[in-house]
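User: I have a model open and want to go through it in short questions. Can you take them one by one?

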Amino acid sequence: MANSYLTSESKKLATWYFTVAATLFGAQLLFGLVAAIQYVIPGFLFEILDFSVARMLHINALVVWMVFAMFGSVYWLLPDETGIETVGIELGKLLFWIFTAAVTVVVLVYIFIQVGAADETSIWFIHEGREYIEAPRWADLGITVVALGFVANLFMTGMKGNRSGIVTVLMADMIAFAGLYLTGMFYTDNITVDQFWWWWVIHLWVEATWEVFVGSIAAYGLITMIGAHRKVVEMWLWIEVTMLFGSGILGMGHHYFWIGTPEYWWEIGALFSALEPLPLVAMFIHVLYDWGKMQGEESAKGQDVSVITNKPAFTWFVLNAFGNFLGAGIWGFFHTLPQVNLYTHGTQFTSAHGHLAFFGAYATILIGMMYIAVQGKNGIKVMNNTTSTIFATSMITGGVLGMTVALTVAGYVDVLVTRAQMGATWAGYFDGQSGAWFAQGMDWRLVMGVVTFTGFFFLIKDLLSIGKATHHVR
Amino acid sequence: MAKKSVWSDNRFWQRSAAWITGFASVLLIWLTFDTSAQISMGNDSDLKSGVTKRVPGPTVINYKITYEMDKKRQHEVPVIGEKEKFFGRDDYSEDEAAALLHLGKLGSQTKNCMNCHTLLGNGAYYAPDLTKAWLDPAWGPTGSMQSMTGKSTKEEAMAEFLQHPSQYPTHARMMPNLGITAEEAKGLVAFLKHMSSIDTNGFPRNFGKIQGAVNGK
């Protein structure tokens, strides 16, 4: 870490986490591209790197890069919020290396071993075959240890230093985040029970604890990047926590419509998941309102300069505010009511929602945090965009939006032909898949995937070189 | 002068967050207890005495399963009927059936079914949903999949396909060879048959009932 302005060990560790996160983001896009090609050219890498393997790598890299970037974000903001160096930072560094080594081994096993016999050994050492949390059991235990160490550092630092509202929320949120992982680790022959608890991890992560995490990061970003008032920001944060957990926890019901669970989940799931977009609206308003307010205060002083101290990062934070609402809120609400979900559950509709929601709600703000780290590391007071920033931001955002629209069109075919018209059988499934609109949707998804992937290279180039540009205020 | 409003007080919102989160969590946990009781797996005596469980016991593989419209519930439900041979037997003991299901469920995970197919609608969308695959007419006596494998029963046809999927391509998009053994295939078919007997509140709708018209066919 030569030429670094960072004096805090916690911030140095954060940059390590961000580096691995960005690398895994690249892996996510690469394997997503393989899977997208397989939809268009089914023989591509057949029985070499099949769709199931590519897709497992695609979604696992997604989850893991986000967890890395989340850990990095917390290590980054802790010294600023608490006013002290993170307690247990040496442990944190050790856990970082363990985590990185474990992820590397898991990925290599996914690629080179792929499947195992139907026995416990495969579950322990190859993968568990459960979407998003496929990691084999040895890695599950390892991840638990790493997560506990991370939470311990956060708690010790929060209790020793100044415990701000943001840190308080993060402490409560991260312990739930780590604890929920435990509910997805056991094996059962009863697939209904299996999926019931599997959703405790997936749903209570992405529709509850991760969203609260995003609220905290957005709060930190508003204070550091546009100088928003802490009291206002933290009040909004508490309101967001109230709304997110108030709707998100019982919103879990929308995953319990069809997996063998009782019918009362229809009403509970419909009601609470329909409320889930509300906090996302609140978060959207909050970011734009604060920005307008701070800029207005500045303009009132007769100053004609931007209040934003990090243009690239703030762009990603605003994209987050909008993308979270659009991807998670609108695209989620599309198919959350049971009357609709009966036909849309498990179609390309879900996939369209998944792409825009993970991107809009999480990828955006975590990329923003990477830019904040680049700013800090290079000792920049006001960081401006470069040409690469513009290319990266517009290509990645445009690419993901394009993929979402393409998948939504394909989803309509899936829903109308396979489900509504043909009753979801094997033959009905392929009737839908061979529809012209479906095929065109998959073609466009691939094109937009390539756009996204190209944007990724601009992003990496920018993250590595923007700090050396000369048009910043130092 | 007006008093400072509670609505702009951080402590008020902090407490609200704690109370509402706590309340929602307690409700979720309470519902989890109720649901867990309802989705626990049944057993052989339930099946023999006609007790309906949302998730029947493993010996459901000894019985014929159909998917029929329930007038009162207004959607289809799995109906467990008379005895039916499964790989030539309809007298699997509780232990034998449980062992087969265990093998099949393990296999469904280690072979990574869920990253192409959907199970109970969850998974990937690259291959057909397997929730009611056992009831798919394509595997039935007059179905294209059964005749393709040259087998005379549904379970044997499915097991044959699972062991040599790329020998029986149905479309340009094929299932790859996953090294599934004969015994694992038997377990997987038992797992599929068991899954088709789970009461999924009518999902998927109209499964196998529509010989619908696409493009005028």
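Analyst: The notes below go through the chains, their contact and some backbone details. This is a predicted model, where local features need pLDDT of at least 70, side-chain atom pairs count only at pLDDT 80 or more, and totals for chains, interfaces and linings use all residues. Residues are numbered from 1 along each chain as its sequence is written, and chains are lettered from A and ligands numbered from 1 in the order in which they are written.

User: How many residues does the contact take from chain A and from chain B?

Analyst: Chain A gives 67 residues and chain B gives 75 residues. Two residues are in contact if their C-beta atoms, placed from the backbone, lie within 7 Å.

User: Which helix has the largest share on the chain A side?

Analyst: That is α8(A), with 11 residues of the side that touches chain B. Among the elements that each supply at least two residues there are α2 (51-82), α7 (191-226), α8 (230-251) and α14 (387-421) of chain A. Helices (H or I, at least four residues) and strands (E, at least two) are DSSP runs, numbered from the N terminus.

User: How do the residues of that side divide into nonpolar, polar and charged?

Analyst: There are 33 nonpolar, 21 polar and 13 charged. Ala, Val, Leu, Ile, Met, Phe, Trp, Tyr, Cys and Pro count as nonpolar, Asp, Glu, Lys and Arg as charged, and the others, Gly among them, as polar.

User: Switching to chain B. What's the order of elements?

Analyst: From the N terminus on they run α-α-β-β-α-β-β-α-α-α, that is, 6 helices and 4 strands.

User: And what is its radius of gyration?

Analyst: Chain B has 23 Å, whereas a compact globule of 217 residues would be near 17 Å. The radius is taken over C-alpha atoms, and the globule rule is 2.2 Å times the number of residues to the power 0.38. The C-alpha atoms fill a box of roughly 90 × 45 × 40 Å along the principal axes.

User: How much of chain B is buried?

Analyst: Buried residues are 46% of the 217 in chain B. Buried means 20 or more other C-beta atoms within 10 Å of a residue's own, exposed means 12 or fewer, and partly exposed is in between, with C-beta atoms placed from the backbone.

User: Is α5(B) mostly covered or mostly open?

Analyst: Mostly covered: 8 of the 10 residues in α5 (residues 154-163) of chain B are buried. B:Lys154, B:Glu155 and B:Phe161 are among them. The cover includes α4 (144-149) and α6 (182-196) of chain B.

User: What about β1(B) and β2(B), parallel or antiparallel?

Analyst: β1 (residues 63-70) and β2 (residues 75-83) of chain B run antiparallel, joined by 7 bridges; strands pair if DSSP finds at least two bridges between them. One bridge pairs B:Tyr63 with B:Lys83. The two strands form a hairpin with 4 residues between them, and B:Gln74 in the turn has a positive phi of about 65°.

User: Which peptide bond is cis?

Analyst: The one joining B:Phe203 and B:Pro204 is cis, with omega about -10°. B:Pro204 sits in the segment after α6 of chain B.

User: Back to chain A. What is phi at A:Leu45?

Analyst: Phi of A:Leu45 is near 55°, positive in a residue other than glycine. A:Leu45 is in the loop between α1 (9-40) and α2 of chain A, and is partly exposed, with 16 other C-beta atoms within 10 Å.

User: And A:Tyr132, where does that lie?

Analyst: A:Tyr132 lies in the loop between α4 and α5 (137-160) of chain A. Its phi is near 75°, also a positive value.
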